[in-house]
Amino acid sequence: MNYQLLLVDDEVHAIEGVKSDLDMNKLGITALFTAFNIRQAKDIFEKETIDILLCDIEMPQGNGLELLTWVRENHPNTATIFLTSHADFKYAKEALQLGSLDYLLKPVLGTDLEKAIRKAQLHIDRNSEINRNSKSHQLWLKHHSFIIERFWLDLINHSTPSLPAAISEQVERHHIPITDESVFLPILISVQRWNKGLNRRDEKILEYALKNTAEEILITNRSNGICFQLDRGMLMIILVANRGREWDYGHLTEACHQYIASCNGYFYCDMSCYFGRSVESREMADMVAELRLRDRNNVAFVNQVFLHQDSGSAHQPIKLPAMSVVSSLLKSGTREAVVHEVEAILDNLVRNQGMDAEILHQFNQNFMQVVFSFLNLKGIEANQLFGDEESRRISEIAVRSITDMLAWVHHIVSKAMNQAEVVKETDKIVQTVLAYIALNMDQDLARETLADQVFLNPDYLSRIFKKETGYSISDYILLEKIKHAKELLSQTNVPISSIASSLGYTNFSYFTKLFKKYAGLGPTEYRSQFGNVMKS
């Protein structure tokens, strides 16, 4: 069989390098086309039949993933090989060699390029010959996968009602390969955690790699099916068969475990797979909703395969354990002791099979109540202590899983108990406030502003401030400003209006009146009597 190949890269030397490495006669390539951007590539697709697309991922006028999306919709029989200079995707090269698509790391070795093209050719040949006698499989191959994806997404998201008449209308209109004898097995794949920091772009590329690997491992030649992205970090596999078929759950479960292990090793993520029960198309939306709920409630286990279980035997209502021990340990124990007690409570809930998203949420509420009571006792303002970006980020995902909850517990206990230790040393707190006042004489030094600097309740700060200095906060600030004004009047020629402004007084008359009240003289008289600066 002869093949036509299109090479797309915005770098001229990259294209020339690949062309020089290709032995076209040896590989059976009858025509080689080149393009430097997506627009040129689309023009070639409109004129020629392209069997193999060799495409750079990163290009200034649209990336390779965008081109692949267009190719899948308009030329679904084209096999694609990606080029990338992103070193982090070496693992993708190894992982995706399982399938028809490959990732090649620039600069491309000639032997690697030849192997990738050979694999693409095998993929093309296999798809042209596989299961020709299977009417159902021919239907799946006949239609573009994106049309089928759209059908299922509309049904799952209720854009298409789950009514036989509405479904039949869509099936007939779009020639969806579903018959009266069709039944479906949904499998939800959920990424529970990325174990490496990723920006959204890298995450999308990895999600694409996860999808391709799932198609290769979980959708075999012996069963028809489709895999598509259901949500961020969430894939849906729908397998199809004729009514009365027994699904090979043993083989499918083993394949899911293999898939999870591959993703753990190559894609830096933890994930779990959830099997639904065999359903008809009209039952799919409800079944997927149930799988989503199971994933949301799975807060304790990662990298697992869960077979379908009827929800008829609901857990008995669980009473959360009292948090009195945690409260006592916060007051008199160590950080380690508090965390250990929380871990024991959560572990007990998991072992008794009573942990789900709702229980974890309730536990978090009770735990935070104990922490807030502790902070209130110490006069510490929780919103100030935990108002930083890191605290917000950790708290937002705390109820997603037990692992995330324990990260939040470690964080909040450490900050709360550290601040409580600081509060014990009243003199240090007051010294911090005094230093802030001295550096910000020109600001509005409200007691709330000062309390924010040491994460304390304003009333509590006022009490310890007066105990340490003998002055209320407002009296101390006023006396310090008068003292500073005296120094400037007696030791400098700075205009009196500028002195008033530097101390936060925009009303000159008010400053003059206030100064005279506490100094016994007006600013002008004070400078005349006590000024030490020689007039120029």
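User: Which residue in E5 is the bridge partner of Ile-81?
Analyst: Asp-102 is the bridge partner of Ile-81. Keep in mind that this is a predicted model.

User: How many bridges join E4 to E5, and do they run parallel or antiparallel?
Analyst: Four bridges join strand E4, residues 79-84, to E5, and the two run parallel.

User: What is the strand order in that sheet?
Analyst: The order is E2-E1-E3-E4-E5, an open sheet of five strands with parallel pairing. From one strand to the next the twist averages 20°.

User: Which strands does H3 lie across?
Analyst: Helix H3, residues 38-47, lies across strand E1 (3-8), E2 and strand E3 (52-56). Its direction is at about 145° to E2.

User: Other sheet now. What is the order of the strands that include E7 and E10, and what is the pairing?
Analyst: That open sheet has five strands in the order E7-E8-E6-E9-E10, and its pairing is mixed. Strand E7 (224-231) and strand E10 (305-306) are the edge strands, each pairing on one side only.

User: How many bridges are there between E6 and E9?
Analyst: Seven bridges join strand E6 (residues 182-194) to strand E9 (residues 269-275), and these strands run antiparallel. Within E9, Cys-273 stands opposite Ile-189.

User: Which strands does H8 touch?
Analyst: Helix H8, residues 145-156, packs on this sheet and touches E6, E7 and strand E8 (234-242). The direction of H8 makes about 60° with that of E7.

User: Where is Asn-303?
Analyst: Asn-303 is in the loop between helix H12 (284-297) and E10. Asn-303 has a positive phi of about 55° although it is not a glycine.

User: And where is Phe-455?
Analyst: Phe-455 is in the loop between helix H20 (447-453) and helix H21 (458-469). Its phi is positive too, near 60°.

User: Helix pairs next. At what angle do H14 and H15 pack?
Analyst: Helix H14 (residues 335-351) and helix H15 (residues 357-378) pack at about 155°, with axes 12 Å apart. That angle makes H14 roughly antiparallel to H15. Their crossing is right-handed.

User: Which residues make the contact?
Analyst: H14 supplies Val-342, Ile-345, Leu-346 and Leu-349, and H15 supplies Ile-359, Leu-360, Phe-363 and Phe-367. The contact residues are eight nonpolar, no polar and no charged.

User: What are the angle and axis distance for H22 and H25?
Analyst: Helix H22 (residues 473-491) and helix H25 (residues 523-530) pack at about 55°, with axes 8 Å apart. They are therefore oblique to each other. H22 passes H25 in a right-handed crossing. The contact is made by Lys-486, Leu-488, Leu-489 and Ser-490 of H22 with Pro-523, Tyr-526, Arg-527 and Phe-530 of H25. By type, the contact residues are five nonpolar, one polar and two charged.

User: What does the UniProt annotation say about residues 431-529?
Analyst: An unreviewed UniProt entry annotates residues 431-529 as "domain: HTH araC/xylS-type". The span is 74% helix and 0% strand, and its end C-alpha atoms lie 34 Å apart.

Key: Residues numbered from 1 in each chain as written. Predicted model: local features only at pLDDT ≥ 70, side-chain atom pairs only at ≥ 80, totals over all residues. Heavy atoms only, no water. Axes fitted to C-alpha atoms, helices over the stretch in contact; angles between N-to-C directions. Parallel < 35°, antiparallel > 145°, perpendicular 65-115°, else oblique. Left-handed = near helix turned anticlockwise from the far one by under 90°. Contact = heavy atoms within 4.5 Å. Nonpolar A, V, L, I, M, F, W, Y, C, P; charged D, E, K, R; others polar. UniProt positions renumbered as here; feature names shortened; annotations may be inferred. Pairing = 2+ DSSP bridges.
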